Amino acid sequence: MNFRNTWRACSSLFRIRMAEGLQYRVSAISGTMVGVFWALIECVLFTVFYTYSENGSWNNNGLSLPQAISYVWLAQGLFVLQSMNIDSEIMSKINNGDVGIELCRPMNLYTHWFVKSSAGKLGTSWIRGLATVLAGLLMPAGYALGGPASLPALFYFLLSAVMAFVLCSAFAMLVTAIRLNITWGDGPTYMLLLLSGILSGTYLPLRLWPDFMQTFLYLQPFGGFADIPLQLYIGSVAPAAALPGIGLQLLWSLIFIAAGRMIMKRRLHSIIVQGG
Amino acid sequence: MQIRLREIRKSFKVYKRPEGKWGLLRGAFMRNVTRVDALGGISFDIEEGELVGYIGPNGAGKSTSVKVMSGILTPDSGECTILGKIPWKHRVEHVSKIGVVFGQRSQLWWDVPVADSFDVLKDIYAIPPGDYRLRLSELSATLGVEALLRTPVRQLSLGQRMRCELVAALLHRPKLLFLDEPTIGLDAVSKLALRNFLKEENRKYGITMLLTTHDMDDIEALCQRVMVIGHGQLLYDGQLSGLQQKYAPEVVMKVNTDAMIAAMYNDLALG
């Protein structure tokens with residue numbers, strides 16, 4: 001199949017999956033409430049730590065309090081890009097053997113599912129992400145999401161956020177490929193997804209982790225989920241350092257895609273289509 | 001020769017829990033693995049335009065061989081060429097020329113209108129727009145699904161959904177159609193309509209069809225040739241009448257119950 005046909009098929013799949021996701025409006029509302037709730041708790045915690053730390057030591061950790069609070073809000077907004085579990089449609093197809101139907105489509109299964117799962121994630125969650133960010137902007141001064149550090153910072157943030165979407169999708173697909181080994185159960189996938197969530201900085205900004213870990217934290221793949229775009233926005237990483245960061249996201253995306261494709265190809269040779 | 005299978009073998013691992021009082025616990029640490037031969041060396045040929053019934057008891061290996069032929073499963077050994085291609089090696093090319101209907105699975109998107117699913121299939125199979133419109137209107141007219149095209153799949157009845165599944169499987173003009181229990185759970189009227197439709201498609205376009213079913217009326221109405229499979233072996237391959245001569249020579253008359261019930265439904269204006 002040539003490139004143009006694949007592209008048409010992908011955009012068509014993307015559309016139908018988005019349309020499906022948009023039907024679940026209540027989930028977007030409840031998701032927003034959870035996001036806002038979390039962000040507020042973190043804002044309170046950070047305010048306490050920054051205000052009452054010994055000799056104000058928290059203020060010299062490379063991240064000011066307003067920066068930390070902006071980071072928290074945007075992290076909740078970008079959180080929707082990360083997978084908490086494998087795409088439910090794909091998961092049920094693996095479990096009940098409908099993967100057979102997917103294999104009867106003249107398309108590479110990896111490409112097919114990459115499009116499906118990324119669209120599925122975006123379909124249900126872009127409203128939630130935007131609403132959370134909007135709520136952050138409307139908060140009273142001390143807890144509000146501040147503006148970007150500069151105009152280039154905003155530009156690089158947006159670019160990097162798009163890359164974060166690709167990176168998250170690529171990682172989700174790698175986990176899905178691993179999950180194709182049905183007898184392993186859910187354990188390994190949840191461990192991988194939780195680890196990636198922690199190392200993405202969503203729970204605690206990576207800048208606040210111990211100094212000796214910083215090089216590792218910068219080079220590891222999961223910072224690209226949230227930390228790289230967020231630090232670009234709040235200005236703790238200068239726009240001059242943006243391109244290496246985005247390049248890192250791109251590099252890890254390519255690695256994840258290559259690994260995912262390879263594992264999936266191997267699995268398909270020995271796949272067991274469940275059920276009669 | 002459109003389909004050619006030679007000595008296809010496929011076995012699966014089956015995990016068994018140890019028996020006894022502590023079996024549950026012991027099973028968590030060590031499992032007994034047994035190999036079960038689903039297909040023990042199957043060979044057959046199917047010509048273009050044939051309509052073949054494929055029958056056998058549950059667990060005989062019917063679905064497994066259909067999966068091998070549709071490129072989903074890789075057999076352990078043996079040769080298989082379909083339309084000149086090896087299904088599992090050239091999967092993408094192969095599946096663009098075949099259609100599949102699994103009675104127990106759906107290939108339509110659950111939450112969106114039927115027509116949207118068809119549109120996606122159009123793009124996946126790269127069907128030219130003109131041909132797509134033509135084929136869609138033809139298929140939906142014969143199967144009577146025009147009125148359903150804007151309905152979400154989840155709100156269709158089983159019979160309506162099966163008809164839509166057939167449209168979905170035939171949109172891209174496959175040369176080969178695999179039907180795995182297409183009439184399962186359908187009422188008499190829908191069954192008869194489905195059979196007539198399949199016969200017509202086979203006659204008009206010469207689509208080769210392989211029909212797996214437990215409903216012998218399906219076979220009788222549609223297939224000149226039946227293949228019987230059991231324990232992964234091909235046990236019989238030939239005319240349906242041959243089976244009758246061998247196993248039921250004294251049967252002289254029977255009532256076509258499906259036709260009878262369908263006539264009743266129509267009479268009561270239920271169909």
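## A serine in helix 7 of chain A

The side chain of A:Ser169 reaches back to the backbone oxygen of A:Phe165, at 2.8 Å. That makes a polar contact, meaning a pair of N or O atoms within 3.5 Å; within protein, one must be able to donate a hydrogen and the other to accept it, and residues adjacent in sequence count only if both atoms are side-chain atoms. This is a predicted model, where local features need pLDDT of at least 70 and side-chain atom pairs pLDDT 80 or more, while totals for chains, interfaces and linings use all residues. Residues are numbered from 1 along each chain as its sequence is written, chains are lettered from A in the order in which they are written, and side-chain values use heavy atoms, with hydrogens and water left out.

A:Ser169 sits in helix 7 (residues 151–179) of chain A; helices here are DSSP runs of H or I with at least four residues, strands are runs of E with at least two, and both are numbered from the N terminus. Is A:Ser169 buried or exposed? It counts as buried because its relative accessibility is 1%; buried means under 20% relative accessible area, exposed over 50% and partly exposed in between, using a 1.4 Å probe and protein chains only. Leaving out neighbours within four places in sequence, A:Ser169 is in contact (heavy atoms within 4.5 Å) with A:Phe114, A:Ser118 and A:Lys121.

Helix 11 (residues 242–269) of chain A has 28 residues, which at 1.5 Å a residue should span 40 Å; its end C-alpha atoms are 41 Å apart, so the two agree. The expected span is 1.5 Å times one less than the number of residues.

Among the buried residues of this helix are A:Ala242, A:Gly245, A:Gln249, A:Phe256 and A:Met264. What covers them includes helix 5 (99–103), helix 6 (109–138), helix 7, helix 9 (214–219) and helix 10 (227–234) of chain A.

## Where the chains meet

Here, 32 residues of chain B are in contact with 35 residues of chain A. The two chains bury about 2,900 Å² between them, 58% of it on carbon and sulfur atoms; buried area is the accessible area (1.4 Å probe) that two parts lose on being put together, summed over both.

The rule finds one salt bridge across this interface, with a salt bridge being a side-chain nitrogen of Lys or Arg within 4 Å of a carboxyl oxygen of Asp or Glu. A:Arg8 and B:Asp123 meet in a salt bridge at 3.5 Å, N to O. On the side of chain B that touches chain A, helix 4 of chain B gives the largest share, eight residues.

## Two positive phi angles

B:Leu83 isn't a glycine, yet its phi is positive, about 55°. It is found in the loop between strand 4 (77–82) and helix 3 of chain B, and counts as partly exposed because its relative accessibility is 24%.

B:His231 also has a positive phi, near 50°, and lies in the loop between strand 8 (225–230) and strand 9 (233–239) of chain B. With 76% relative accessibility, B:His231 counts as exposed.
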